[in-house]
Amino acid sequence: MTEKMKAIMEAANRVTVRSIASTPHCVEAKQTPAEILAVARKRNYHWLPVRSGGVIRRIMKASDLENLNSWNELESQGREITVDDLVADDAPMFSALERFEQGKLLLCLGPDGVDGIVTAHDLNRPAAQLFGFALAIVIESEVAREIEAGLPRADEDEAAIRLALEDDPSGRPVLPGRAGKVRRWRKQEQESTNLSFISSLSFGDKLRLVERNGLSRLSLKCSLPADELLGQLYEVKKLRDGVAHDLPALRNHVLVCSRLRTAHRLAHALTGL
């Protein structure tokens, strides 16, 4: 792992829960139960914090608001907050990833008490997307390193080109548009860019090559069957592409949460950090 990739990995791990947290929409005396419920339904909130005396100590199901009429009834609803509901607002963002469930909210605990909430929906925020993009860059770099590790050192680029020019068992090119990619790299090489052939390829192209040269070694590192690992690597690629091109899939918080978890686990397994 290069120092640059190590720095990117460490920077990703410093993204905090605070960077994706939202101001809590609370059950409190400022609004009627009907008004609070209308907002909860619009935002698809399943649980709501209850603020009393300026402090959040309880949470309740949004659906329980339907049969309530006054603040006096609201104040005793729900249950008290437990440790399982809390996350420190300066905790690494990845520490919350495994805790998200459908409809689950985590209350962010700051110096003055609960001051924010975070749910799987907040993984659509820019900080979370950049976290995922950084992990994808690290994983792509490790994939490239593993391909190159299986090539002869004395003739690495030419060996990589020979690999790229191969056909798969069905007779189709391993690398679509391979001739053009080789020509572009040779032109870059003449311009003294010092870019290896493998590094010049897209993430998708690297995955096609690692399937033929390096996947078994990566699967040992990650303790995953090769087919399962390859599927997860393609999920990371989709996460990276989604962030890079602002694709609609980024609005699917369930999918984003799953891909962020996968990227985080793979990045740590491949780098040992």
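Which elements each supply at least two residues of the lining of the largest cavity? In this predicted model, they are α10 (226-245) and α11 (253-271). Helices (H or I, at least four residues) and strands (E, at least two) are DSSP runs, numbered from the N terminus. Residues are numbered from 1 along each chain as its sequence is written. Local features need pLDDT of at least 70, side-chain atom pairs count only at pLDDT 80 or more, and totals for chains, interfaces and linings use all residues, while side-chain values use heavy atoms, with hydrogens and water left out.

Confidence is given as pLDDT, the predictor's value for each residue, from 0 to 100. The protein chain has a mean pLDDT of 87, with 97% of its residues at 70 or more. Helix α3 (residues 71-74) has the lowest confidence, at a mean of 70, and α10 the highest, at 96. Where pLDDT is low, the predicted coordinates should not be read in detail.

One cavity of 30 Å³ or more is present in the structure. On a 1 Å grid over the protein atoms alone, a cavity is a set of points where a 1.4 Å probe fits but cannot get out, and a pocket is an open set with protein on both sides within 12 Å along at least five of seven lines; lining residues have an atom within 4 Å of a point. Grid points are joined across faces, edges and corners, and a volume is the space filled by probe spheres set on the points. The largest cavity holds about 50 Å³ of space. Its lining consists of K238, L239, G242, A249, L250, L255, V256 and R259, of which five are nonpolar, one is polar and two are charged. In this classification, Ala, Val, Leu, Ile, Met, Phe, Trp, Tyr, Cys and Pro count as nonpolar, Asp, Glu, Lys and Arg as charged, and the others, Gly among them, as polar.

The largest pocket has a volume of about 340 Å³. It is lined by 17 residues, and E140, S141, A144, S199 and K206 are the closest to its centre. Two or more lining residues come from each of α5, α8 and α10, with α5 giving the most, six residues. The lining of the largest pocket comprises five nonpolar, five polar and seven charged residues.

In helix α6 (residues 156-164), the buried residues (under 20% relative accessible area; exposed is over 50%, partly exposed in between; 1.4 Å probe, protein chains only) are E156, A159, A160, I161, L163 and A164. The elements that cover them include α5 (126-149), α7 (178-190) and α8 (203-210).

The whole structure contains 23 salt bridges, each a side-chain nitrogen of Lys or Arg within 4 Å of a carboxyl oxygen of Asp or Glu. R265 pairs with E98, the closest N and O atoms being 2.8 Å apart. Because R265 lies in helix α11 and E98 in the loop between α4 (94-97) and β5 (105-110), this pair ties together parts that are 167 residues apart in sequence. R265 is partly exposed, at 48% relative accessible area, and E98 is also partly exposed, at 44%. E98, R261 and R265 are linked in a network of salt bridges.

R51 forms a salt bridge with E28, with 3.3 Å between the closest N and O atoms. R51 is in strand β1 (residues 47-52) and E28 in the loop between α1 (3-13) and α2 (33-42), 23 residues apart.

Conventions. Contact means heavy atoms within 4.5 Å.
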